[in-house]
Amino acid sequence: MSERIAIYPGSFDPTTLGHLDILERAKGVFDHVVVAVLDNPSKQPLFSTTERVALLRDSIPSDWPVTVGTFGGLTVEYARIMNATAIVRGLRATSDFEAEFQMGLMNRRLAPEIHTVFFMTSFANVFVSSSIIKEVCQRGGDVDALVPSPVAVAMRAKFHPSSLQGAL
Ligand code: PNS
(Lines give C-alpha, C1' and ligand atoms only; values in the text may rest on other atoms or scores of the structure.)
Protein backbone atom coordinates (compact mmCIF):
# COMPACT_ATOMS: atom_id res chain seq x y z
CA MET A 1 0.00 0.00 0.00
CA SER A 2 1.31 3.48 -0.81
CA GLU A 3 2.23 5.88 1.98
CA ARG A 4 -0.51 8.18 3.21
CA ILE A 5 1.06 11.63 3.13
CA ALA A 6 -0.51 14.84 4.45
CA ILE A 7 0.69 18.41 4.42
CA TYR A 8 0.05 20.73 7.35
CA PRO A 9 0.26 24.27 5.93
CA GLY A 10 0.42 27.47 7.92
CA SER A 11 2.29 30.61 8.82
CA PHE A 12 3.81 29.18 12.02
CA ASP A 13 4.85 32.65 13.18
CA PRO A 14 5.75 31.18 15.59
CA THR A 15 4.96 27.54 16.34
CA THR A 16 2.81 27.01 19.43
CA LEU A 17 1.98 23.94 21.48
CA GLY A 18 -1.37 24.09 19.69
CA HIS A 19 0.41 23.41 16.39
CA LEU A 20 2.36 20.51 17.91
CA ASP A 21 -0.87 19.11 19.35
CA ILE A 22 -2.44 19.05 15.86
CA LEU A 23 0.73 17.59 14.38
CA GLU A 24 0.81 14.82 16.96
CA ARG A 25 -2.78 13.88 16.11
CA ALA A 26 -2.07 14.01 12.37
CA LYS A 27 0.96 11.74 12.61
CA GLY A 28 -1.28 9.16 14.24
CA VAL A 29 -3.46 9.05 11.14
CA PHE A 30 -0.98 9.60 8.29
CA ASP A 31 2.28 7.78 7.55
CA HIS A 32 4.10 11.04 6.93
CA VAL A 33 3.26 14.68 7.53
CA VAL A 34 4.98 17.58 5.78
CA VAL A 35 4.72 20.81 7.73
CA ALA A 36 4.47 23.48 5.03
CA VAL A 37 5.57 26.97 6.04
CA LEU A 38 4.09 29.70 3.88
CA ASP A 39 6.81 31.97 2.48
CA ASN A 40 4.79 35.12 1.93
CA PRO A 41 7.00 38.14 1.16
CA SER A 42 4.02 40.54 1.27
CA LYS A 43 3.47 39.82 4.97
CA GLN A 44 5.69 41.10 7.75
CA PRO A 45 6.15 38.11 10.03
CA LEU A 46 7.96 38.32 13.37
CA PHE A 47 10.23 35.45 12.30
CA SER A 48 11.70 35.06 8.80
CA THR A 49 10.81 31.95 6.83
CA THR A 50 14.23 30.49 7.62
CA GLU A 51 13.74 31.15 11.34
CA ARG A 52 10.24 29.66 11.34
CA VAL A 53 11.49 26.50 9.65
CA ALA A 54 14.43 26.22 12.08
CA LEU A 55 12.14 26.70 15.10
CA LEU A 56 9.79 24.00 13.82
CA ARG A 57 12.69 21.59 13.28
CA ASP A 58 14.00 22.31 16.77
CA SER A 59 10.55 21.85 18.31
CA ILE A 60 9.35 18.64 16.60
CA PRO A 61 10.55 15.42 18.26
CA SER A 62 13.11 13.76 15.98
CA ASP A 63 11.32 10.38 16.00
CA TRP A 64 8.11 11.81 14.53
CA PRO A 65 7.50 10.96 10.83
CA VAL A 66 7.44 14.64 9.99
CA THR A 67 9.46 16.91 7.70
CA VAL A 68 9.38 20.67 7.33
CA GLY A 69 9.33 22.55 4.03
CA THR A 70 8.39 25.93 2.60
CA PHE A 71 6.13 26.95 -0.22
CA GLY A 72 5.26 30.21 -1.91
CA GLY A 73 2.41 29.34 -4.25
CA LEU A 74 -0.84 27.49 -3.73
CA THR A 75 -1.18 25.00 -0.90
CA VAL A 76 -2.73 22.42 -3.22
CA GLU A 77 0.20 22.70 -5.64
CA TYR A 78 2.65 22.06 -2.82
CA ALA A 79 0.49 19.13 -1.70
CA ARG A 80 0.70 17.67 -5.21
CA ILE A 81 4.48 18.14 -5.33
CA MET A 82 4.73 16.29 -2.00
CA ASN A 83 2.40 13.49 -3.21
CA ALA A 84 0.06 14.34 -0.36
CA THR A 85 -3.57 13.30 -0.47
CA ALA A 86 -4.64 15.45 2.47
CA ILE A 87 -4.32 18.95 3.89
CA VAL A 88 -4.38 19.05 7.68
CA ARG A 89 -5.77 22.03 9.54
CA GLY A 90 -6.51 22.53 13.22
CA LEU A 91 -9.82 23.73 14.60
CA ARG A 92 -9.93 25.46 17.97
CA ALA A 93 -13.46 26.78 18.11
CA THR A 94 -16.45 27.62 15.97
CA SER A 95 -14.81 30.99 15.26
CA ASP A 96 -12.17 29.18 13.17
CA PHE A 97 -14.75 27.30 11.19
CA GLU A 98 -16.00 29.88 8.72
CA ALA A 99 -12.58 30.81 7.32
CA GLU A 100 -11.45 27.19 7.34
CA PHE A 101 -14.61 26.06 5.54
CA GLN A 102 -14.07 28.70 2.84
CA MET A 103 -10.42 27.72 2.43
CA GLY A 104 -11.28 24.02 2.39
CA LEU A 105 -13.92 24.48 -0.31
CA MET A 106 -11.60 26.58 -2.46
CA ASN A 107 -8.84 23.99 -2.12
CA ARG A 108 -11.29 21.24 -3.06
CA ARG A 109 -12.33 23.21 -6.14
CA LEU A 110 -8.68 23.63 -7.12
CA ALA A 111 -7.74 20.03 -6.37
CA PRO A 112 -10.70 17.67 -5.93
CA GLU A 113 -8.38 14.72 -5.28
CA ILE A 114 -6.94 16.31 -2.12
CA HIS A 115 -9.00 16.18 1.07
CA THR A 116 -8.94 18.75 3.85
CA VAL A 117 -8.90 17.02 7.23
CA PHE A 118 -9.59 18.94 10.43
CA PHE A 119 -8.26 17.93 13.81
CA MET A 120 -9.70 19.39 16.98
CA THR A 121 -7.17 20.87 19.32
CA SER A 122 -7.08 19.77 22.92
CA PHE A 123 -9.04 21.84 25.39
CA ALA A 124 -5.83 23.20 26.92
CA ASN A 125 -4.95 24.89 23.62
CA VAL A 126 -8.32 26.31 22.65
CA PHE A 127 -7.24 29.90 23.35
CA VAL A 128 -3.69 29.59 21.98
CA SER A 129 -2.83 31.36 18.73
CA SER A 130 0.45 32.68 17.34
CA SER A 131 -0.86 36.25 17.28
CA ILE A 132 -2.08 36.32 20.89
CA ILE A 133 1.18 34.72 22.03
CA LYS A 134 3.23 37.40 20.28
CA GLU A 135 1.15 40.17 21.78
CA VAL A 136 1.41 38.80 25.32
CA CYS A 137 5.15 38.14 25.05
CA GLN A 138 5.82 41.58 23.57
CA ARG A 139 4.08 43.19 26.55
CA GLY A 140 6.08 41.18 29.05
CA GLY A 141 3.62 38.35 29.77
CA ASP A 142 4.77 34.79 30.37
CA VAL A 143 3.96 32.42 27.49
CA ASP A 144 6.59 29.78 28.24
CA ALA A 145 4.00 27.08 28.96
CA LEU A 146 2.24 27.68 25.62
CA VAL A 147 5.11 27.37 23.14
CA PRO A 148 7.98 24.89 22.62
CA SER A 149 11.08 25.98 24.54
CA PRO A 150 13.13 26.97 21.42
CA VAL A 151 10.29 29.34 20.51
CA ALA A 152 10.15 30.82 24.02
CA VAL A 153 13.87 31.60 23.84
CA ALA A 154 13.63 33.01 20.30
CA MET A 155 10.69 35.25 21.20
CA ARG A 156 12.49 36.63 24.23
CA ALA A 157 15.49 37.34 22.01
CA LYS A 158 13.25 39.31 19.63
CA PHE A 159 11.19 41.22 22.16
CA HIS A 160 13.37 41.42 25.27
CA PRO A 161 17.00 40.86 24.25
CA SER A 162 18.36 42.37 27.48
CA SER A 163 16.58 39.67 29.54
CA LEU A 164 18.79 37.02 27.88
CA GLN A 165 22.11 38.65 28.74
CA GLY A 166 24.19 36.10 30.58
CA ALA A 167 21.67 33.32 29.88
CA LEU A 168 23.09 32.38 26.47
O1 PNS B 1 -1.41 29.65 9.79
P2 PNS B 1 -2.35 30.34 8.86
O3 PNS B 1 -1.91 31.76 8.62
O4 PNS B 1 -3.79 30.24 9.32
O5 PNS B 1 -2.24 29.56 7.45
C6 PNS B 1 -2.95 30.00 6.32
C7 PNS B 1 -2.50 29.24 5.06
C8 PNS B 1 -1.00 29.36 4.87
C9 PNS B 1 -2.85 27.78 5.20
C10 PNS B 1 -3.27 29.85 3.84
O11 PNS B 1 -3.08 31.23 3.83
C12 PNS B 1 -2.81 29.28 2.51
O13 PNS B 1 -3.09 28.16 2.19
N14 PNS B 1 -2.07 30.11 1.76
C15 PNS B 1 -1.50 29.69 0.47
C16 PNS B 1 -2.23 30.28 -0.70
C17 PNS B 1 -3.40 29.40 -1.11
O18 PNS B 1 -3.26 28.24 -1.42
N19 PNS B 1 -4.60 30.01 -1.12
C20 PNS B 1 -5.80 29.28 -1.52
C21 PNS B 1 -6.50 28.62 -0.35
S22 PNS B 1 -7.78 29.63 0.13
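Colleague: What makes β1 and β4 count as paired strands?

Modeller: In this predicted model, β1 and β4 are joined by 2 bridges and run parallel. Pairing requires at least two bridges between the strands, so β1 and β4 qualify. Within this arrangement, Ala-6 stands opposite Ala-86 in β4.

Colleague: How do you know that β4 and β5 also pair?

Modeller: The number of bridges between β4 and β5 is 6. At least two are required, and therefore β4 and β5 are called paired. These two strands run parallel, and Arg-89 has Phe-118 in β5 as its bridge partner.

Colleague: Which helix belongs with β4 and β5 in a β-α-β unit, and of what hand is the unit?

Modeller: The helix is α4, and the unit is right-handed. The unit is called right-handed because, with the strands pointing away from the viewer, the path from the first strand over the helix to the second runs clockwise.

Colleague: What can be said of the lining of the largest pocket?

Modeller: The largest pocket has a volume of about 910 Å³ and is lined by 38 residues. Gly-10, Ser-11, Phe-12, His-19 and Arg-89 lie nearest its centre. Each of β1, α1, β4, α4 and α5 supplies at least two lining residues, and α4 gives the most, with 6 residues.

Colleague: What makes a residue such as Phe-101 part of the lining of the second largest pocket?

Modeller: A lining residue has an atom within 4 Å of a point of the pocket, and Phe-101 is therefore counted. The others include Glu-100, Arg-108, His-115 and Phe-118. The elements giving two or more residues to this lining are α4 and β5. The largest share, 5 residues, comes from α4. The volume of the second largest pocket is about 160 Å³.

Colleague: Which residues of helix α6 are called buried, and why?

Modeller: They are Val-151, Ala-152, Ala-154 and Met-155. Buried means under 20% relative accessible area, so each of these four residues lies under that limit. The buried residues of α6 pack against α2 and α5.

Methods: Residues are numbered from 1 along each chain as its sequence is written. This is a predicted model: local features need pLDDT of at least 70, side-chain atom pairs count only at pLDDT 80 or more; totals for chains, interfaces and linings use all residues. Side-chain values use heavy atoms; hydrogens and water are left out. On a 1 Å grid over the protein atoms alone, a cavity is a set of points where a 1.4 Å probe fits but cannot get out, and a pocket is an open set with protein on both sides within 12 Å along at least five of seven lines; lining residues have an atom within 4 Å of a point. Grid points are joined across faces, edges and corners, and a volume is the space filled by probe spheres set on the points. Buried means under 20% relative accessible area, exposed over 50%, partly exposed in between (1.4 Å probe, protein chains only). Contact means heavy atoms within 4.5 Å.
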